Amino acid sequence: MIHPKLVLHFLGLALTASPALAQAPQPWELGLQAAASPVMERISSLNGYLTYLIVGIVLLVVGLLALVVIRFGEKRHPVPATFSHNTKLEVLWTVIPVLILLAIAVPSFKLLYYMDRTQDAEMTLKVTGHQWFWSYSYPDHTPVGMDSFIVYEDSLKPGQKRLLEVDNRVVLPVDTTIRVIVTADDVIHSWAVPALGLKTDAVPGRLNETWVRITTPGTYYGQCSELCGANHSFMPIAIDAVSKQEFQAWIDQARQKQALAK
Ligand SMILES: [Cu+2]
């Protein structure tokens, strides 16, 4: 049986996924994850806008095709016209697609520049990709930092997500503009968290920059999004977004732990 959500999706009606705090996958989900950052909110609304545009174009083309088939079929129109050019029509079918492309390009570029980087970051998170795990450091809160490995299936605790859970989650404060710098130390990886609209390549020898401002506390999951070798599928990302006070408490605790380890 075709699932009703699938039908809605193809009708272009299921533009946003149902809101959920923990961005863990559920059966039969389609479309984008619920947005939890201003960037993702804009990506979702651009996606909605494009869906309506595409549905409009499809309806127009199908309508024109139906008109041709019905009105100009052999039965109803036995003697075809013999002209082959129509300047007005040719100008129109050039200008209209140009306008459609502009209507796509202008909001796309606006969003691209908005996503690119932030002027006034309150803190920085540094992300380094490795074969096959991530490491994180908090340059504003040195020496806090850690490696983050997948929790394999046989070690999962009840409630943990298969292929998404890690031993050390990234902890970040909500309502804080965070600069994220991304790099790698072996091959190219990509640090991607869909609900936050994040996807930045981690390239050895380069620092790529992006930013995030998490609007809702919760757990957000992501995965490496650049094929990086045999265990590419086994280097997930898990972020705990907490209040600023909880974040400060976590930083203090992490500092203590790191001091003890020395
Ligand atoms: Cu990778």
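1. Cys228 and Met235 are both buried (buried is under 20% relative accessible area, exposed is over 50%, partly exposed is in between, with a 1.4 Å probe and protein chains only). A word on the ground rules: this is a predicted model, where local features need pLDDT of at least 70 and side-chain atom pairs count only at pLDDT 80 or more, while totals for chains, interfaces and linings use all residues. Residues are numbered from 1 along each chain as its sequence is written, and side-chain values use heavy atoms, with hydrogens and water left out.

2. Those two residues also belong to the copper site. The ion's protein donors are His189 (ND1), Cys224 (SG), Cys228 (SG) and Met235 (SD), at 2.1 to 2.7 Å. Donors here are N, O and S atoms within 2.8 Å of the metal (3.2 Å for Na, K and Ca); water is not among the atoms, so sites may look incomplete. Along the chain, the donors of the copper ion are spaced H-x34-C-x3-C-x6-M.

3. What is the geometry of the copper site? It is tetrahedral, with angles of 91 to 128 degrees among the four donor atoms (four donors count as tetrahedral if all angles lie between 85 and 135 degrees).

4. Have a look at Asn208, in strand E8 (residues 208-212); strands are DSSP runs of at least two residues and helices of at least four, numbered from the N terminus. Asn208 counts as buried because its relative accessibility is 17%. Its side chain reaches the backbone oxygen of Asp201 at 2.9 Å.

5. Now the peptide bonds. Gln131 and Trp132 are joined by a cis bond, with omega about -5 degrees, and Trp132 sits in the loop between strands E1 (123-130) and E2 (133-137). Another cis bond runs from Thr142 to Pro143, omega near 5 degrees; Pro143 is in the loop between E2 and strand E3 (145-148).

6. Two phi values are worth a glance too. Leu163, which is not a glycine, has a positive phi near 70 degrees, and its place is the loop between E3 and strand E4 (170-173). Asp175 is not a glycine either, yet its phi is positive at about 50 degrees; Asp175 lies in the loop between E4 and strand E5 (178-184). Why flag such things? Most residues other than glycine have a negative phi, and most peptide bonds are trans.

7. Finally, Val106 is in helix H3 (residues 87-116). With 49% relative accessibility, Val106 counts as partly exposed.

Note on methods:
Four donors count as tetrahedral if all angles lie between 85 and 135 degrees; four count as square planar and six as octahedral if opposite donors are over 155 degrees apart and all others between 65 and 115; anything else is irregular. A polar contact is a pair of N or O atoms within 3.5 Å; within protein, one must be able to donate a hydrogen and the other to accept it, and residues adjacent in sequence count only if both atoms are side-chain atoms.
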